Amino acid sequence: MIDPGQAIATDLPAPAFEGDARRPAQSYWNESWERLRANRIGIVCGSLIVVLALIAIAAPLFTQFLTHVEPSQLDLDNTFKPPGGAHLLGTDELGRDTLTRLIYGGRVTLGVAFLTIALSLTLGTGVGLLAGYYGRWIDDLLMRFVDVVLAFPAIFLFILMAILFRPTPITLAAVIASVGWGGVARLVRGEVLSVKERDFILATRSIGARDVRLIVRHLLPNVLPVLIVAATLGVGQIILIEAALDFLGLGIQPPTASWGNMLTNSQSYFFHSTWLVYFPGITIFVTVLAANLFGNAVRDAFDPRLK
Amino acid sequence: MATTLLEVQDLRTVFATKNGNVKAVDGVSFHLDAGETLGIVGESGCGKSVTAMSVIGLQRPGRIVGGRVLFMGRDLTKASETEMREIRGQEIAMIFQDPMTSLNPVFRTGWQVGEPLRLHRGVDGIRALAGAVAMLGKVGISSPAERAKSYPHQFSGGMRQRAMIAMGLTTTPKVLIADEPTTALDVTIQAQILDLLRQVNREFGTATILITHNLGVVAGMCERVMVMYAGKVVESGPTTDVFAHPKHPYTWSLLRSIPRLDAERHEALKPIEGLPPNLIDLPKGCAFHPRCPFKIEKCSRDTPVLNRVGATQLAACWVTQAGTELKGA
């Protein structure tokens, strides 16, 4: 609304087409970041994920100075200790410290999640960019392959891989990513199809840019927003998949701790040592919830289609 | 006699569709001399833009099926993709209709305006930016050093078109193809951009091809004009002659359809009746004959070719080639 007092007091504005050169350059990234920062729930959840990741990275420090035990260190004199005292979150059937195992389990679980995201984004983005940009038979070939990948019953692949190899965090991430990249490829392809029809792509071609330059310098930055959103929303999903695989014994094998296989162990003792179920369960629940809420916040801030 | 920079001979570009081949450009010939401004006018879909795109080899998914595009003696239709990239943005620059979408939204304007310099002159980012800033200043953007840091969405439509022109000019090309450069802008900005194009033409000696459907723009800007209809050139000649004595009924109808301020209030506008023909299935004979008020029997039988009519003009019309004047209410 126009404030009459102000309208009289100010001089005529400068010619409109000049714009205001003093206004700081607001990039898409700055604006998105501002929007994200304004979302309090998103920031709290994002910070929680970061804190969990830092704890996982610094796990040896915590065990050395806080819990004073190793994750696989047995203490058969102190089995099934309830939370409190020397063992803050209690011990399991072999006297291993629950907190220590949670911290080390976070290393595995979060590590697998981030590695999976990195792998599936890299592959999916590459395939999506090529299929979307070149179109025609390249598109047909690549996207039919994606259809095959997405039609493959993932659980059989997981079982097969668990039989053939002893799952390590790296192989587990590779296996989950090998079914996860298809969705990313579709997403990126769809975005490329719309972006490449915009005039600036034609304009860039008209100044003599090569395909590689068009794809990497001009298309990729324009699909980055959807990638960021896909990545953050994917973290929660992958943590759940990983936990489920561990729980079923198809993922990380004991004695290496992961949030999923801690649950497997504890189900036998649920009635007399409930904390063995509660702590890994709550950790998974809170982490996935935070990842999803943060993902939603990132989507609200970054997704150009929501504007 | 000025040297001929660009000579297009019998250019044919088709688009393959499910329903058949669309002959978007059907035997177009024209030439462009150094330093001149050539106007190409016609309705939407008559092949103006495809002609321009074919010149720089960006007609995809269309295919050039015939003719030659001679740029300083070299046939561009036979040039390799690598050679074409050297031509594009270095020798021949192009600016597009919609400045709102012609700049990449994720990069600072200065970075983009300097891109041809980095691509073709191999200069580093800092010097490309300096070149971009200098050129932004020349195209009339105030405080160019600050504006170069802005993103495209912070520019108005007119400023973006200025930026596009600056981007085209950084490498001082010999030919600038402006494809409807003012169509998306409002009238006051249109005048500024046209002024700028005229100034560019004078200062840099850049030969300009101005594609437009606005006859007023052509009258003010171009020495010569070429009128296209259904993928063919139907008339060409010096702008003043073509406008004063059109030798093709299509040009005549176009000129007559412009609303006039001095017309009587009750006088109805005079549109060209009918629709442009289907480019897959052109009418036999002259493509314009179903809409032509002057048509004679021969028009629906034989296709007219472009021939000299009058002292300075070329027209593809049986009626005027037979010496008949185009007159009527």
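Predicted model: local features only at pLDDT ≥ 70, side-chain atom pairs only at ≥ 80, totals over all residues.
The overall scores are ipTM 0.81 and pTM 0.79. For chain B, the mean pLDDT is 87, and 99% of its residues reach 70 or more.

**Chain A**

- If you walk along the sequence of chain A, you get the pattern α-α-α-α-α-α-α-α-α-α-α-α.
- Chain A has 307 residues, and 40% of them count as buried.
- Take the contacts in chain A with a separation of 6 or more: 69% of these come from residues 24 or more positions apart.

**Where the chains meet**

- On the chain B side, 36 residues are in contact with 23 residues of chain A.
- Four helices of chain B, namely α2 (81-87), α4 (115-121), α6 (144-147) and α7 (157-169), each put at least two residues into the side that touches chain A.
- Sorted by class, that side of chain B has 15 nonpolar, 12 polar and 9 charged residues.

**The two domains of chain B**

- Between them, 22 residues of domain 1 of chain B are in contact with 14 residues of domain 2 of chain B.
- On the domain 1 side, β2 and α9 (215-221) of chain B are the elements that give two or more residues, and β2(B) gives the most, with 11 residues.
- By class, this side of domain 1 has 10 nonpolar, 9 polar and 3 charged residues.

- At the β5(B) end, strand β4 (residues 63-71) of chain B pairs with β5(B) in the antiparallel sense over 2 bridges.
- One residue pair to look for here is B:F71 with its bridge partner B:R74 in β5(B).

**Strands β6 and β7 of chain B**

- Strand β6 (residues 92-95) of chain B has B:I92 and B:M94 pointing one way and B:A93 and B:I95 the other way, and all are buried.
- β6(B) runs parallel to strand β7 (residues 175-179) of chain B, with 4 bridges in the pairing.
- Within that pairing, B:A93 is opposite B:L176 in β7(B).

- Strand β9 (residues 224-229) of chain B is largely enclosed by the rest of the structure, because 6 of its 6 residues are buried.
- B:R224, B:M226 and B:M228 point one way from β9(B), while B:V225, B:V227 and B:Y229 point the other way.
- Strand β3 (residues 37-41) of chain B runs parallel to β9(B) and is joined to it by 4 bridges; B:V41 is found opposite B:V227.
- Strand β10 (residues 232-238) of chain B pairs with β9(B) in the antiparallel sense over 6 bridges, and B:P238 in β10(B) is the bridge partner of B:R224.
- β9(B) and β10(B) make a hairpin with 2 residues between them, and B:A230 in the turn has a positive phi of about 50°.

**Nonpolar cores**

- The largest nonpolar core has 101 residues, and B:L136, B:A166 and B:I209 touch the most other members.
- α7(B) gives the most to this core, with 7 residues.
- Both domains of chain B take part in this core, with at least three residues drawn from each.
- Leaving aside neighbours within four places in sequence, B:A166 is in contact with B:V113, B:A132, B:M135, B:L136 and B:V139.
- Another core, of 62 residues, lies apart from that one, and its residues include A:I49, A:A113, A:L172 and A:I252.

Definitions and conventions: Residues numbered from 1 in each chain as written. Chains lettered and ligands numbered in written order. Pairing = 2+ DSSP bridges. Contact = placed C-beta atoms within 7 Å. Nonpolar A, V, L, I, M, F, W, Y, C, P; charged D, E, K, R; others polar. Buried ≥ 20, exposed ≤ 12 C-beta atoms within 10 Å, placed from the backbone. Core = buried A, V, L, I, M, F, W, Y, C linked by C-beta atoms within 7 Å. Domains from an automatic or database assignment. pLDDT = per-residue confidence, 0-100.
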